[in-house]
Amino acid sequence: MDPREVLLSVENLHKTFPVYKGIFRREVARVFAVGGVSFDIYPQETVGIVGESGCGKSTLGKTIMRLYDADKGSVKFRGQDLGALKGAALREMRRHIQMIFQDPLNSLNARFTVSDVIKEPFDIHGMRASRAEMKERIQELLNTVGLHHRSANRYPHEFSGGQCQRIGIARALALRPSLLICDEPVSALDVSIQSQVINLLLRLQDELKLSYIFIAHDLTVVRHVSDRVIVMYLGEVVEYSTSEALYDSPYHPYTKALISAIPTISAEKTQRHPLVGEIPSPMQPPSGCRFHTRCPFAEKRCSAEKPELRVIDGDSQHVVACHFAEKLAGASS
């Protein structure tokens, strides 16, 4: 049992979206975006969330932020149930949990100067200050993310993608949050710029004692930044462990496939587990194990019985949802 105080606790979180049809907007189906996700985050920890596009990673992050209301389950921040908050109480909570978005430029208001972008959170939360104090705070934030104070009077379109993401990070830090939800923060950037932004986030975490939920589909990046990693498939968690254990000894066939797809320059031959087939529709997810339609090791039981997350080899830090996890452990790299 981890003796540290839990910063954020997500328990059995579900989120679906209705699909409407016709002029009367009749609901004909539901998209199952997030199904029964549970995990904890501790202070100054990074939890990575990985999976293919459409697996529910971003929806999970936005549901935690209450940008979407959950259908079921709970999110607690320092013991307070966020689902019960409304109005001013919800706004106050959002001072402590902020988000960095995937598209650096489109996440910034094109009509605002950089100064206005960073000042906006203070206005929303009624944190008044003199003009001199606000100017000093904006310059401090720009300096923190590696931008010159003269950037404050320019507009977002005048900056590169990497610089726009730095502005977005400065905005997220404005209210001194404890937790940042990073929704694929480097996927839209060039590789060389990605490393700069990643190093910036790591430095800020150390200096400001931040916790991160780091959402990405690039497993190399996630391994570099994360203490623990959650692997999602069609809205559900299929494996969850420390970063080192997950990458060195994956159990779930889906995790094995994702890791084996990581490019390598090593001359050493490794066994590959390529993904085959298309991702099933989230409106009609497969019965039993949702991965069984693409799993090379699937048996009859997999389509009939849903595997529950369970501890592997007595290690409470490593859980997996697969009927044959131990049997398949040797069929790895």
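Residues are numbered from 1 along each chain as its sequence is written. In this predicted model, local features need pLDDT of at least 70 and side-chain atom pairs count only at pLDDT 80 or more, while totals for chains, interfaces and linings use all residues, and side-chain values use heavy atoms, leaving out hydrogens and water.

Visitor: How many disulfides does the model contain?
Guide: A disulfide is taken as a pair of cysteine sulfur atoms within 2.5 Å. For Cys182, the nearest cysteine sulfur is that of Cys55, 16 Å away. For Cys302, the nearest is that of Cys289, at 6.0 Å. The count of disulfides is 0.

Visitor: Is Cys302 buried or exposed?
Guide: Relative accessible area under 20% is called buried, over 50% exposed, and in between partly exposed (1.4 Å probe, protein chains only). Because its relative accessibility is 8%, Cys302 counts as buried.

Visitor: What is the orientation of α5 to α6?
Guide: Helices are DSSP runs (H or I, at least four residues) numbered from the N terminus, and axes are lines fitted to C-alpha atoms over the stretch in contact, with angles from 0 to 180 degrees between N-to-C directions. The axes of α5 (residues 161-173) and α6 (residues 191-208) come within 10 Å and cross at roughly 20°. Angles under 35 degrees count as roughly parallel, over 145 as roughly antiparallel, 65 to 115 as roughly perpendicular and the rest as oblique. Therefore α5 is, relative to α6, roughly parallel.

Methods
Helices (H or I, at least four residues) and strands (E, at least two) are DSSP runs, numbered from the N terminus.
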